[in-house]
Amino acid sequence: MAATTVLPRPKAYDDTFFRPISIWLTTTDHKLIGIMYMVTGILSFLIAGIFALVIRLQLSQPNLSVVDAETYNQLISAHGVTMIFFFVTIFLTGIANYMVPIMIGARDMAFPRVNLLGFWLVPVSIILYYSGFLTGGALNAGWTGYAPLTEKAYQSHSLGVDFWAMSLIVWAISGIMASTNFLTTIVALRAPGMKLTRLPLFVWAQISTSILLLVVGAPLAAAMILVEFDRQLGTQFFTTQGRPVLYQHLFWFFGHPEVYIMILPGFGMISEIIPVFARKVIFGYMTMVGALFGIVFLSMTVWAHHMFTVGMNTYVEGFFMIMTMLIAVPTGIKFFNWIATTWWGSVEFTVPMKFAWGFLATFLIGGITGIYLASVPVDTQLHQSYYVVAHLHYVLFGGSVFTIFAGLYYWFPKITGHLLNRKLGEWNFWTLFVGFNGTFLIMHTLGLEGMPRRIATYANASWATTNLIITVSSFLIAFSVLLFLINVVRSWNGGEIAGDDPWQGNTLEWATTSPPPPYNFERVPPVHSFMPLRDLRESGEVVAAEPEPAKV
Amino acid sequence: MAARARGLFGLSAAAFLLSSCDGLGGISPIFPTPVSPNGEGIYALYVGISIPAIIIFIGVEVALLWVVLRYRRSRQPAGYVPPQIHGHTGLEVAWTLAPLAVVLAIAWFSFVELQRDFQPITNEQMLVVVRGHQFGWDYDYGNGVVVHQEGTLAGDVVPFVVPVNTLVKLQFQGTDVIHSWWVPAISGKTDAVPGYDNFSWLKINQVGSWRGECAELCGVGHGTMQIIVKAMSQSDYDQWLQKQLASQKPSPSPSPSASPG
């Protein structure tokens, strides 16, 4: 602790943080915009988490009525929409917004003002969605909002669906802006020497994510526009008299790639974190990049695996089944490469590394249950049951949330200049790991026994104990998140000073001060490989310098 | 032959392990014991997929544990500098092809089952039109008998009665929003979608009752859309049918307006 008093605090952002709100409204600095994205994401995470706790209370025993069925349906919809659209995607956009330009040695994003506009569309989108609650009820058809349940004939009491549709249109526009900006930045603004084959894998992951969002954002907006036409102009696209299954095709053509939009940046972070803490170079850099693009391609050819019970031709079902299963191949390559990277390493099991391992251990289960779900006959049993709820949480919580925590513990020192407290971090990890598996592992069995998802309550007494265990465990997750918040607040205000490079990183963000100055680098270091900082350290050019106060 | 026998042994051992946990109430690792051939097909496929799934799960988790336990910095000699290995083409090709072979095998067996049990059938002994509505199911036997299974959580719903050992074709229709008919002990679910008919079938091999629920969110009463399927012996079924015909026959007296239906 003595050292902390000696080191001068980097001052780059000390002014900005406490300056009037106008700075946040008008800044075009990708780092401040990134922080705003991340804070928005975390707030959404907390709100949607509270919804989840209410949902779990409602389901903890049979025939409860903590909330009525209509409120319950609004809660599950809001939980899903908020987690997927306003937390995971938004948070990941934020961390990429912060890190990608620094990692490629750029001063800012290619279109700083588009960046700011894209960010401010997110609160607009969130407010639009939540405005539904003021009109008699928000969306109550699940986050997927299947027609014709969303049609006027079944929704006469509120405008919730309209606000949801408008919210997602704005969200899609924001996402398309951000994706265009990322791609342009990475193509045009790389530092000298930063060839495409030297991009950090997190940047490659962001390229693949941006391509996906660019392709599938528009179909989502199209589906929402058609829903609005039906509701407000009296068209018959998805109504009872129309073609409801067409909605599912449009929605899932967005919806399945969206799963990868939420996980590929996580893969990228893991690919950054493991080599640093194993002190080894990533095993199979090119196959890692190839696997990313394999997933990008395959993820756009699998959407109808969400629709195996609507009655498609069996050969069409067979096609979507095999494409879905093929995704296991690139994902498997990534898993094996991560393990091979760690093999013979010198592993420092820090908190970011623990979260990376929590991700690997749990995402594996999500991947394996994905094979069961891809098999059409088995899927007709498991579809829309609690097995699917368990599976998707293993993929999105075990996948996205664990990687987000890994990334936060890894990059928090860069963003704030302070390390997150290690002891609280350990508690944070273990309570999350136990709470998460306690919640979702036995949830598979409920689905196997016939509990459908999205039911407001149930009469079957044999599901009671399992549901109670799940509810108790879900509160352990809430406790863990509370520990995390305490850790963030405490560490941001006077945690251990990080210095430029607390982990002995490989990539360029660790070459600048923590937090970086507005222009990111005084002098962009030379780039000779995909681990430029490590090259410098080994050649002795970079000293583990004590952080100098940044000159602003 | 030996390999085949070992494979069969593995399959039956896994089936035994999985099914011995059946009926634990709340934590079963597999579906309820199936009572219809299509349910049995799905059950066998689930067991088959479980064999590579469990092996891969254990193998990878052990590898994950091994690397972080064995290669901890504290367990490495002081000053240990790890070898910097950029990749290995042979290994990378191997762990591309091995998962590929596994998933192709799973896809093949799944596709065979799909062709066998999920084609619309034409050799049915009985046809029932199942109409989903908010919130309940109507079962139209085509001979004037319609079972109205209105959703409730307060008690048991009216059972859908079928004769045992009879191949019944189910024709699903949605009348308002999308519903999904699911009785886990019989087979997978089938959506009742407005605008077109969807098909499934069942052939229950024993007398008894099985429960299910609507599996597609259809509004506030979604959770109340319980399903009970009751399989009766042919003679009991005939009696039940006569009773239904008698009670549902439109009484001739009330109004002279001849109903078109």
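Visitor: How many residues of domain 1 of chain B are in contact with domain 2 of chain B?
Guide: Ten residues of domain 1 touch twelve residues of domain 2 in chain B. Contact here means C-beta atoms, placed from the backbone, within 7 Å of each other. This is a predicted model: local features need pLDDT of at least 70, side-chain atom pairs count only at pLDDT 80 or more, and totals for chains, interfaces and linings use all residues. Residues are numbered from 1 along each chain as its sequence is written, while chains are lettered from A and ligands numbered from 1 in the order in which they are written.

Visitor: Where do those domains of chain B run?
Guide: Domain 1 covers 2–22 + 29–76 + 91–117, and domain 2 covers 126–248. The bounds come from an automatic or database domain assignment.

Visitor: How far apart are the C-alpha centres of the two domains?
Guide: In chain B they lie 34 Å apart.

Visitor: And what classes of residue does domain 1 of chain B bring to the side that touches domain 2?
Guide: Six nonpolar, four polar and no charged residues. Nonpolar means Ala, Val, Leu, Ile, Met, Phe, Trp, Tyr, Cys and Pro; charged means Asp, Glu, Lys and Arg; the others, Gly among them, are polar.

Visitor: New topic. How many residues of chain B are in contact with chain A?
Guide: 77 residues of chain B, facing 79 residues of chain A.

Visitor: Which element gives the largest share of that side of chain B?
Guide: Helix 3 of chain B, with 15 residues. Helices (H or I, at least four residues) and strands (E, at least two) are DSSP runs, numbered from the N terminus. By class, the side of chain B that touches chain A has 45 nonpolar, 21 polar and eleven charged residues.

Visitor: What's the strand order in the open sheet of chain B?
Guide: The order is 4-10-9-6-7, five strands with mixed pairing. Strands pair if DSSP finds at least two bridges between them. Strand 4 (160–163) and strand 7 of chain B are the edges, each pairing on one side only.

Visitor: In what sense do strand 4 and strand 10 of chain B pair?
Guide: Parallel, over four bridges. B:V162 has B:A231 in strand 10 as its bridge partner.

Visitor: Which residues of helix 16 of chain A are buried?
Guide: Among them are A:F429, A:L432, A:F433 and A:F436. Buried means 20 or more other C-beta atoms within 10 Å of the residue's own, all placed from the backbone.

Visitor: What covers the buried residues of helix 16 of chain A?
Guide: The cover includes helix 13 (351–374), helix 15 (386–416), helix 17 (443–448) and helix 18 (464–492) of chain A.

Technical notes
Contact = placed C-beta atoms within 7 Å. Buried ≥ 20, exposed ≤ 12 C-beta atoms within 10 Å, placed from the backbone.
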